[in-house]
Amino acid sequence: MADITRRAGWRHLRSAPTAHIRHQRRGKLVHDGEGLSFWFRPRTAALSEVPVNDRELAMAFHARTADFQDVSVQSTVTYRIGDPGAAATRLDFSIDPDTGAWRGTPLEQIATLLTETAQQHALDVLARTTLAAALVDGVAAVRDRIATGLAAEPRLPDTGIEVVAVRVVAIRPEPEVERALRTPAREQIQQEADRATYERRAVAVERERAIAENELASKIELARQEERLVEQRGTNARREAEENAAADAVRAEAEAVRKVRLARAEAEAAREVGEARAGAQSAWLRAHAEADPAVLHALAVQRAAENLPRIEHLTLSPDVLTGLLARLGGEGGTGGARS
């Protein structure tokens, strides 16, 4: 929208670089171009503002395919006004000299023209296409048909409109049909997922089986090693027992030999001692046989005295002493008479 300033019966217009301004006064063209700035009298001026920049027009409409399925088409048309003079002549781009606002709705008229033209060509191509084909290849076909139809539309050049690009965003069926169409693909995807899951499980089971077999083989080998170890330990123990038995036998034999030798030595010593004692006894007996009986009595008394207990103190009563003296005296008289 142009920027208009008031000054004492005059108006000043300043437009944007993307707007084409046409100023007519009394039927004559005074100013014509983009990005203009000028003074004018509102009572005698006829102003038009035509945008010359690219504009995006989003369109959404419904269509029916050859197999009687409803679809919705979303597309976008990019256009520009290449001939502002023709557009200002065919459409109402006039602006209020006081506010700079459009008096009509020219852009809505252009949008209606482009939408109806594009919809007509899209409906024509979809009416001869099945739903499956439309969903697979319909975007490119509809886009090309809309672009070709807009380029061949005679009203657009006459109005000064140029189509820059056509884009078809999507062609969608009704929600129920879309869910029905998705079901086989989803089932196939689910089957693929299940198959992948089963394969992973099979691989996992195979790996677990291999691991179990390896563990079992390890246990078997360990058991064999333990069996060999037990056998080796038994062999070692048996060998050790045999060695200990042999050593004990050697020691026992040596001990027996030693004891035999010791017994023989003791017997020889005892024999010699016995012979010595017997010789001494014989000599003792011969000495006693040849000795005087008085001497033998004296030796016997001496032996008896040696074996008597030791007397530290001796107390003799008068009766004992008298009897002892009398006995000694009697024995002395007897002895004197014997001698």
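Two strands count as paired if DSSP finds at least two bridges between them. Strands (E, at least two residues) and helices (H or I, at least four) are DSSP runs, numbered from the N terminus.

Before you click, know that this is a predicted model: local features need pLDDT of at least 70, side-chain atom pairs count only at pLDDT 80 or more, and totals for chains, interfaces and linings use all residues. Residues are numbered from 1 along each chain as its sequence is written, and side-chain values use heavy atoms, with hydrogens and water left out.

Select β7 (55-64) and β8 (residues 70-81). Ten bridges pair them in the antiparallel sense. Zoom in on Phe-61: its bridge partner in β8 is Val-73.

You've got an open, antiparallel sheet of three strands in the order β7-β8-β9.

**Stop three: the helices.** Pick α2 (residues 106-126), which lies across β7, β8 and β9 and runs at about 40 degrees to β7. Then pick α3 (residues 131-152), which packs on the sheet and touches β8 and β9. Its direction makes about 165 degrees with that of β9. Angles run from 0 to 180 degrees between N-to-C directions, using axes fitted to C-alpha atoms (for helices, over the stretch in contact); contact means heavy atoms within 4.5 Å.

**Last stop: a hairpin.** Select β3 (residues 19-25) and β4 (residues 28-34), antiparallel strands joined by six bridges. Arg-25 has Lys-28 in β4 as its bridge partner. Two residues sit between the strands, and Arg-26 takes a positive phi near 55 degrees.
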